[in-house]
Amino acid sequence: MSGADIKGNLDFSNTTLAANNRLTDMAYGAILAESEEKLEALIDTAEYSPEAYANLEAYYKRMGDEDTADDVYVAGRQRERDVKFQQRGFRYLPQYLWSWILFITVGYGRELSRALLWSILLIVVGYFVFRKEKYMTTQ
């Protein structure tokens, strides 16, 4: 399916998907609602390609479904993290850990409300640590 530009309907509702498909440069015109999960499963089981995730994300944005587009983006970043760690092993450990930090703290920039929650948590902890004057003086 590499380089496929699908103009008609793409229906995966009664399809069994094989692993390790190559989906680079694949574009989408319309996806039937029943096929969305199958398509996402196809991309998740295919050979990793950032373009496959980017094209699916762009499709959902064109359709006005920002939440699903964000989910596809995050899934692509998680898959990238896992694939790079499998390929490079412990040499990739600092980037792997940083990717996890980005996911947990701000959802790779797609869930900025998480940053607010982390900030509130930091303020609350700071309040309890420094609430008494005796904890603020140098010794």
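At 25% relative accessibility, Arg77 counts as partly exposed (buried means under 20% relative accessible area, exposed over 50%, partly exposed in between; 1.4 Å probe, protein chains only). The model is predicted, so local features need pLDDT of at least 70 and side-chain atom pairs pLDDT 80 or more, while totals for chains, interfaces and linings use all residues. Residues are numbered from 1 along each chain as its sequence is written, and side-chain values use heavy atoms, without hydrogens and water.

Arg77 forms a salt bridge with Glu80 (3.5 Å, N to O). A salt bridge is a side-chain nitrogen of Lys or Arg within 4 Å of a carboxyl oxygen of Asp or Glu. The two residues are three apart in helix H3, about one helical turn. Helices (H or I, at least four residues) are DSSP runs, numbered from the N terminus. Glu80 is partly exposed, at 22%.

Seven salt bridges occur in the structure. One of them joins Glu57 to Arg110 at 3.0 Å, N to O. Glu57 lies in helix H2 (residues 50–62) and Arg110 in the loop between helix H4 (93–106) and helix H5 (113–130), so the pair ties together parts 53 residues apart in sequence. Glu57 is buried at 10%. Arg110 is partly exposed at 26%. Arg110 also pairs with Asp70 (3.0 Å, N to O). Asp70 lies in helix H3, so this pair ties together parts 40 residues apart in sequence. Asp70 is buried at 18%. Glu57, Lys61, Asp70 and Arg110 are linked in a salt-bridge network.

Helix H3 spans residues 66–88 and includes Arg79. Arg79 is buried, at 18% relative accessibility.
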